[in-house]
Amino acid sequence: MSPSSISVITNDLARALLELHNFQRISRRLYDELSQSHLLYAIADELIQKGEYETIDRAFRFERIAMKAIDGSEFPFVRILLKSDLSQIPKLHLKVFVGHRFLDHITQSLRFNLARILDPYGIKLMIAGQDAASEPLLSDIEKKLSSADFAIFDNRETETKPNVYIEIGMSFILKLPFMVCDYRDPQRPDFDPIPTDLGGFLTLRYTDYKSLFTELALKLPSFIYQRVRPIKRLRRA
Amino acid sequence: MALKKSQYIFIGKLSDIKQVEKKIREKGDPVVQRLVEQHGMDYNEAVKLVVRFQIGIEKALRTKPLFPELEMPEGQAQLRAKAVDKRNHARRKSTPHKQMVK
């Protein structure tokens, strides 16, 4: 890997550290100490060489994986996996419904990236219209939303085919927890694609897949513990 | 939103720090090695830095709720559970048997 890859990963780690500092998750003193040293560069170097870096007590590990941009090119991506999440979340046997515009370039890269993010937690992807069944698509969507534990929607390139908003409405009626990946085109900064009725829902605003999946990977375990698991527990009780 | 006292992150208990430090010194750590060999850092300083990093990040990520905005709106869990049970119940119900006419 080139030195530029090391600097990309170092910058990603620095951004993650800054997020933790801004959320008051790490103290100012620790943030200053970690960000001013060569530590992040050394971790990035280790990730480039070995692909992962695990802490001595195995409480968490950093992993470098390849993700796909919208044009199909790959970019390096670093994620942090906590041992406690990896042992608890797969036990829930979760299924996620994914709604997005069915265009080749979106389908290929979005599903690829989602599969990589969800795989360590054993979460299965459910996508409507995949089975060659004779029933109407809307019935298939309703059935899959009903059996899913949560949903992820992406509104990228849905201006002319806003099916995803119908699916979001159905999820709301079915009381299904969901996240909306809200794409903002950098070329049209004033364009707000989200209908006003959907204001106030959990949205992950993004301009590229790197920013989207960084936020998704970080928030997914919390989303599962706080929104998805309570429903699973109630259903079992 | 102001954080609760329990949500603030401290680096950790002294016993945890000492335990991790001991393990790193015994088993070695690739990042410590890189800091010493490539960046000329003193070994003891490198160990202490990596220990603080590992404990600090672990506590930062383990503390719940990590994102208070993700908390479930009140009553949402019960509503969803009821909605799912109702549908499953309807689906499980068998069709009534036709009575044979003698």
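# Chat notes on a predicted two-chain model

Biologist: Where is Gln38(B) found?
Modeller: Gln38(B) is in the loop of chain B between helix H2 (30-37) and helix H3 (43-62). Keep in mind that this is a predicted model.

Biologist: Is Gln38(B) buried, partly exposed or exposed?
Modeller: Gln38(B) counts as partly exposed, because its relative accessibility is 45%, which falls between the 20% limit for buried and the 50% limit for exposed.

Biologist: What is Gln38(B) in contact with, leaving aside neighbours within four places in sequence?
Modeller: With those neighbours set aside, Gln38(B) is in contact with Asp45(A) and Gln33(B).

Biologist: What share of chain B is buried?
Modeller: Of the 102 residues in chain B, 37% are buried. The accessible surface of the chain is about 7,200 Å², and carbon and sulfur atoms account for 54% of that.

Biologist: What about contacts in chain B between residues 24 or more positions apart?
Modeller: Such pairs make up 56% of the contacts in chain B that have a separation of 6 or more.

Biologist: New topic, rings. How many aromatic pairs are there over all chains?
Modeller: A search of the whole structure gives 9. One of them is Phe62(A) with Phe53(B), a stacked pair at 5.9 Å centre to centre and 15 degrees between the planes.

Biologist: Why does that pair join two chains?
Modeller: Phe62(A) belongs to strand S2 (residues 60-68) of chain A and Phe53(B) to helix H3 of chain B, so the pair joins the two chains.

Biologist: Are Phe62(A) and Phe53(B) buried or exposed?
Modeller: Phe62(A) counts as buried because its relative accessibility is 3%. Phe53(B) is buried as well, at 2%.

Biologist: Which residues form one aromatic cluster with Phe62(A) and Phe53(B)?
Modeller: Tyr53(A) and Phe60(A) form one aromatic cluster with them.

Biologist: What about Phe150(A) and Phe223(A)?
Modeller: Phe150(A) and Phe223(A) form an edge-to-face pair, 5.7 Å centre to centre with 65 degrees between the planes. The pair links distant parts of the chain: Phe150(A) is in strand S6 (residues 150-154) and Phe223(A) in helix H8 (residues 209-236) of chain A, 73 residues apart. Phe150(A) is buried, with a relative accessible area of 0%, and Phe223(A) is buried at 0% too.

Biologist: Which rings have the charged end of Arg156(A) or Arg188(A) over them?
Modeller: The charged end of Arg156(A) sits over the ring of Tyr183(A), 3.9 Å from the ring centre. For Arg188(A), the charged end sits over the ring of Phe191(A), 4.5 Å from its centre.

Biologist: Back to strands. How do S2(A) and S3(A) run?
Modeller: S2(A) and S3(A) run antiparallel and are joined by 9 bridges. Among the partners, Ala66(A) is bridged to Pro76(A) in S3(A). The hairpin has 5 residues between the strands, and Gly72(A) in this hairpin takes a positive phi near 90 degrees.

Biologist: Is strand S3 of chain A mostly covered or mostly uncovered?
Modeller: Strand S3 (residues 74-82) is mostly covered, with 7 of its 9 residues buried.

Biologist: In what order do the 5 strands of the open sheet in chain A come?
Modeller: The order is S5-S4-S6-S7-S8, and the pairing is parallel. Strand S5 (124-126) and strand S8 (203-206) stand at the edges with a single partner strand each, so each has one side without a neighbour in the sheet. The twist averages 20 degrees from one strand to the next.

Biologist: How many bridges join S6(A) to S7(A)?
Modeller: There are 4 bridges between S6(A) and strand S7 (residues 178-183), and the two run parallel. Phe153(A) stands opposite Val180(A) in S7(A).

Biologist: Which strands does helix H6 touch?
Modeller: Helix H6 (residues 137-147) of chain A packs on the sheet and touches strand S4 (95-99), S5 and S6, with its direction at about 145 degrees to that of S4(A). Helix H7 (residues 163-173) of chain A also packs on the sheet, touching S4, S6 and S7, and its direction makes about 160 degrees with that of S6(A).

Definitions and conventions:
Residues numbered from 1 in each chain as written. Chains lettered and ligands numbered in written order. Predicted model: local features only at pLDDT ≥ 70, side-chain atom pairs only at ≥ 80, totals over all residues. Heavy atoms only, no water. Buried < 20%, exposed > 50% of the residue type's maximum accessible area, 1.4 Å probe, protein only. Contact = heavy atoms within 4.5 Å. Phe/Tyr/Trp six-rings, centres within 6.5 Å; stacked < 30°, edge-to-face > 60°. Lys NZ or Arg CZ within 6 Å of the ring centre and 35° of its normal. Pairing = 2+ DSSP bridges. Areas by Shrake-Rupley, 256 points an atom, 1.4 Å probe, with all protein chains shown as cover. Axes fitted to C-alpha atoms, helices over the stretch in contact; angles between N-to-C directions.
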